[in-house]
Each structure stands twice: as C-alpha cells, then as structure tokens.
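Here is a friendly walk through one model, written for someone who likes to know the cut-offs behind each term. Please keep the viewer open while you read.

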Amino acid sequence: MIARRIWRSHRFLRPFSSSSVCSPPFRVPEYLSQSSSSPASRPFFVHPPTLMKWCGGSRSWFSNEAMAIDSNSGLIDVPLAQTGEGIAECELLKWFVNEGDPVEEFQPLCEVQSDKATIEITSRFKGKVALISHSPGDIIKVGETLVRLAVEDSQDSLLLTSDSSEIINLGGSKQRTDNLVGALSTPAVRNLAKDLGIDINVITGTGKDGRVLKEDVLRFSDQKGFVTDSVSSEHAVIGGDSVSTKASDFEDKKVPLRGFSRAMVKTMTMATSVPHFHFVEEINCDALVELKQFFKQNNTDSTIKHTFLPTLIKSLSMALTKYPFVNSCFNAESLEIILKGSHNIGVAMATEHGLVVPNIKNVQSLSLLEITKELSRLQHLATNNKLNPEDVTGGTITLSNIGAIGGKFGSPLLNLPEVAIIALGRIEKVPKFSKEGTVYPASIMMVNIAADHRVLDGATVARFCCQWKEYIEKPELLMLQMR
C-alpha cells in the first residue's frame with residue numbers, strides 16, 4: 001500500500017529545470033488532464049521542509065520549504081524558509097509586489113533581514129499574488145506564510161471546479177477573487193484598518209478590481225463613528241508652516257528592536273557572561289600619518305580613498321602571525337581552543353540599520369591596496385543594508401574604530417566566539433617629552449584590547465600589543481616582513 005502511494009505521488013511530479021539560474025532539487029505539482037480526472041479530484045503534493053537555496057551570483061533566495069497547495073482553490077502558501085543556520089525569525093523590510101500582481105519564476109517577492117544579513121526572497125512559481133500576509137516591519141517566524149500565490153499549470157492557467165462560481169484567471173482576466181482570499185488591499189491599508197479596529201473584509205473597495213484603498217477605510221471609519229483624527233488630521237497649518245498638534249508627540253513611545261540591533265542584544269548579553277579583561281596602550285602614529293599622506297599624494301585611482309584603517313588591519317594581521325592564540329575561539333563544551341588559520345578581521349560599522357561587523361577574509365594574504373578596496377566594498381554594502389551572509393560570518397578578531405566618530409577611549413565587549421576585540425581611539429596631537437627632556441608634538445592613538453580570560457592572560461595580550469605597536473610606529477618593519 002505504501003509503495004503504491006509513493007508510485008502515485010511520483011506520477012504527478014515533473015522535474016524542474018531552468019537554464020538561466022541554478023536548478024534546485026525539488027519537484028513541482030503537475031495535475032492530471034481534464035479527460036482522466038475531474039478538477040475537484042486533482043491530488044496535491046506537499047514537499048518536505050528543506051533549506052532555502054542560494055542562486056550563485058545574486059543575493060536572492062527562493063523558498064523550498066513545504067508549500068501547501070490547496071487542490072480546491074489552486075492557491076499556494078509560500079512560507080519563510082530557513083535563511084541560515086540558527087535563524088529562527090526575520091524582519092520583513094519591503095514588498096516588491098502587490099496583491100493582484102502577476103509573478104514570474106524567480107521574480108523577487110520581498111526583502112527580509114535576519115540578524116546576519118539582508119536577503120531577497122524570490123518566487124519559484126509563475127502565477128498571481130492572491131494575498132500578502134505580513135506588512136513591512138513585522139517579525140516573521142520561520143515557517144510562517146509570507147504570501148499566497150495562485151499558480152499556473154502547464155497550460156498557463158489553473159481553473160477551479162466547473163461548478164464553482166469564482167474563477168481565478170491568471171492571464172489577466174478581471175475576475176475578482178474577493179470570495180476566495182478576502183478584500184484586496186496593500187499591507188499599509190490593512191495596518192490602517194487594523195489600527196482602527198475595522199474588519200477590512202466588510203469594506204467595499206473603490207480601487208481596481210475592488211481593491212480597498214486608504215480613502216475607503218477612512219470613509220468607512222467616519223460612517224461608523226471611529227476616531228480618525230490621528231490618521232487623517234495629523235498636522236495643522238499655521239502661517240504656512242506645518243505644526244504638529246498631536247498630544248502623542250509628548251508621550252512615551254515603544255521602539256521595537258529589529259535586524260542587527262536585535263542580534264546585538266543576544267551577542268552582548270552572552271558576552272557579559274564571559275570573564276574578560278582590558279589592556280590599554282597608547283601608540284605614536286606619526287609614521288602612520290606620513291604614510292597615509294604619501295598614499296594620498298601618489299593615488300592614481302580616484303575611486304580609492306586611503307585611510308589609516310587598512311594599514312592598522314594589515315599590521316594587526318602581522319602581529320597575529322606571531323601570537324596565534326589572539327586569533328582563536330573557545331569551545332566551552334569540550335574545553336578546546338581553536339586556533340584559526342585565516343585572519344578574518346572584522347570592522348564594526350555603525351549604520352542607520354544598526355551596528356554590523358563585516359569582516360575582511362584572509363587578511364594575511366592581502367596587500368594594503370586589496371584591503372583598502374575590500375573595506376570600501378563592505379562599507380558601501382553596510383550603508384545600503386545589502387551585506388551578504390558571508391560578509392558577516394566567520395570573523396576571528398574585531399576592530400572597533402570609535403575614533404572615526406570622535407571618541408578618545410572605549411571599553412569594548414567581546415564579539416563571541418572571538419577571544420579579542422580592539423577599540424581604536426582618535427589620533428590627536430599631544431605634547432610628549434623626549435629622552436633629553438625636550439617637548440615635541442606627537443600624534444597619539446589610544447587602543448583598548450578586551451580579551452577572553454579563559455584563553456588569554458595579561459602577559460600574552462601585552463606582548464601582542466607591543467608587537468602590533470612596533471609595526472605601526474615603524475612601518476618599515478611591516479614592509480620588511482610582509483608577504
């Protein structure tokens with residue numbers, strides 16, 4: 001009996017193929033012909049949950065998790081699939097489609113953000129958007145339905161039972177699907193109706209194909225006596241200027257944490273449970289300032305901006321070569337220290353989307369110019385909230401450049417599972433005394449190294465910092481030993 005059921009299931013499957021994108025190992029439903037089976041008796045197939053698949057060369061993912069196909073309506077629920085190891089939820093940033101829009105295979109549906117990266121979700125079906133289940137800003141658990149699609153079969157259309165009063169025509173027909181999926185509207189309009197306590201399905205829409213518009217919700221609210229002052233009359237105009245009249249401007253507001261800020265809560269909470277100590281040193285950056293000036297004067301590429309950071313990163317890598325325990329991680333369960341072979345140096349970046357720490361891979365094998373270009377690439381992606389998962393994972397040590405903002409001194413917390421993080425203060429001119437007792441100006445930078453005391457001791461960190469300091473203060477040594 002089991003073998004017969006399996007054989008029957010495979011009769012309704014056909015392999016998926018595409019020459020333009022990578023071909024995922026899944027099968028899509030194919031219905032029996034009209035002559036062999038009635039529409040009402042068409043079977044359906046639910047694929048077992050698997051991971052989302054990454055299409056090489058792009059930042060788009062498509063869901064390959066269980067997509068329940070309702071054989072009576074031709075609708076498919078597209079869930080949020082696993083976007084990475086350990087990811088249980090994502091924030092919905094924006095939609096690329098609206099309800100009623102046609103959708104092609106591998107067309108972007110929406111953009112979500114986990115605590116590791118921002119990812120585009122694409123469709124693996126061709127059809128029509130029947131229902132959008134969430135609004136931008138919502139936190140969606142893995143497995144929850146993102147969108148409901150009305151899919152096409154091999155004849156580019158999927159008809160319901162012949163005795164059904166409603167037909168979904170995916171070729172552009174003006175047949176309405178209100179009775180199937182509820183009122184058509186955008187997520188913003190749905191949120192407005194929800195805030196006003198109105199069931200959007202009872203509102204008569206005046207938009208295309210009966211779509212419920214914002215004006216329809218406000219009109220219905222006025223008719224039923226709902227309070228809409230906070231929605232429709234947010235501002236009063238006095239003397240030509242817009243002046244807020246809402247009393248809520250002076251009230252407390254709740255700001256939910258999203259994306260990278262949400263991830264920072266978890267990582268920093270774990271960091272406080274680790275015994276760590278701080279080592280502070282000041283470094284003379286006179287030679288570093290001269291080196292940066294030389295790079296700027298001899299720069300022939302206008303797209304490259306030379307800063308202090310690439311030289312600090314390369315010199316840090318050189319010091320890590322002599323002190324590999326600083327470039328390690330600790331396994332608390334097995335009480336093992338893992339010495340990392342690659343120097344993947346992370347750089348903390350403060351963006352409007354939160355604090356992110358992308359890392360430059362294999363710094364030990366890169367030149368100063370290559371480090372400069374990679375740092376610029378990561379900064380551009382971080383600013384636009386487009387970092388890939390590979391950019392923010394696999395780091396071995398972190399630099400936090402608070403001096404770029406203006407801070408002189410900072411006490412960073414560990415970025416677990418790394419065992420060290422370094423805060424860089426700003427470079428400032430201060431008076432110093434020479435051995436002869438004369439006063440001279442010097443460009444001084446304060447550095448603060450936070451270290452995991454389960455792995456590193458104070459003497460090791462002090463020797464490591466002195467080695468790094470020597471490379472910065474005497475760049476000729478760096479050039480002499482650099483591969």
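In strand β22, Asn-359 is the bridge partner of Gly-346. Strands here are DSSP runs of E with at least two residues, helices are runs of H or I with at least four residues, and both are numbered from the N terminus. Before going further, a word on the source: this is a predicted model, where local features need pLDDT of at least 70, side-chain atom pairs count only at pLDDT 80 or more, and totals for chains, interfaces and linings use all residues. Residues are numbered from 1 along each chain as its sequence is written, and side-chain values use heavy atoms, with hydrogens and water left out.

**The sheet and its helices**

The pairing of β22 with β19 (residues 345-347) is antiparallel and runs over 2 bridges; two strands pair if DSSP finds at least two bridges between them. Both belong to an open sheet of 6 strands, ordered β16-β25-β24-β23-β19-β22, with mixed pairing. β16 (276-284) and β22 (359-360) stand at the edges with a single partner strand each, so one side of each has no neighbour in the sheet.

Helix α8 (residues 309-322) lies across β19, β22, β23 (397-401), β24 (420-433) and β25 (439-452), at about 150 degrees to β23. Helix α11 (residues 458-473) also packs on the sheet, where it touches β16, β23, β24 and β25, and its direction makes about 25 degrees with that of β16. For these angles, axes are lines fitted to C-alpha atoms, for helices over the stretch in contact, and values run from 0 to 180 degrees between N-to-C directions. Contact means heavy atoms within 4.5 Å.

**Residues to click on**

Which residues does Met-446 contact, leaving aside its neighbours within four places in sequence? They are Val-280, Glu-281, Glu-282, Lys-408, Phe-409, Ala-423, Leu-424 and Gly-425. Met-446 itself is in β25.

Arg-454 sits in the loop between β25 and α11. Not counting residues up to four places away in sequence, Arg-454 touches Val-274, Pro-275, Phe-330 and Ala-332.

Leu-75 belongs to strand β6 (residues 75-79). With a relative accessible area of 5%, Leu-75 is buried, whereas Met-446 at 22% and Arg-454 at 35% are partly exposed. Buried means under 20% relative accessible area, exposed over 50%, and partly exposed in between (1.4 Å probe, protein chains only).

| Pair | Separation along the chain | C-alpha to C-alpha distance |
|---|---|---|
| Met-446 and Asn-284 | 162 residues | 9.1 Å |
| Arg-454 and Pro-275 | 179 residues | 6.9 Å |
| Leu-75 and Ala-130 | 55 residues | 7.8 Å |

**Surface and whole chain**

Phe-325, Ile-337 and Leu-339 make a nonpolar surface patch of about 250 Å². Patches are made of residues with over 30% relative accessible area and no salt bridge; like charges are joined within 9 Å, nonpolar side chains (Val, Leu, Ile, Met, Phe, Trp, Tyr) within 5 Å. A salt bridge is a side-chain nitrogen of Lys or Arg within 4 Å of a carboxyl oxygen of Asp or Glu. Leu-339 is found in strand β18 (residues 336-339) and is partly exposed, at 43% relative accessible area.

The protein chain has 12 helices and 25 strands, and 41% of its 483 residues count as buried. Among contacts between residues at least 6 apart in sequence, 59% join residues at least 24 apart.

Notes
Areas by Shrake-Rupley, 256 points an atom, 1.4 Å probe, with all protein chains shown as cover.
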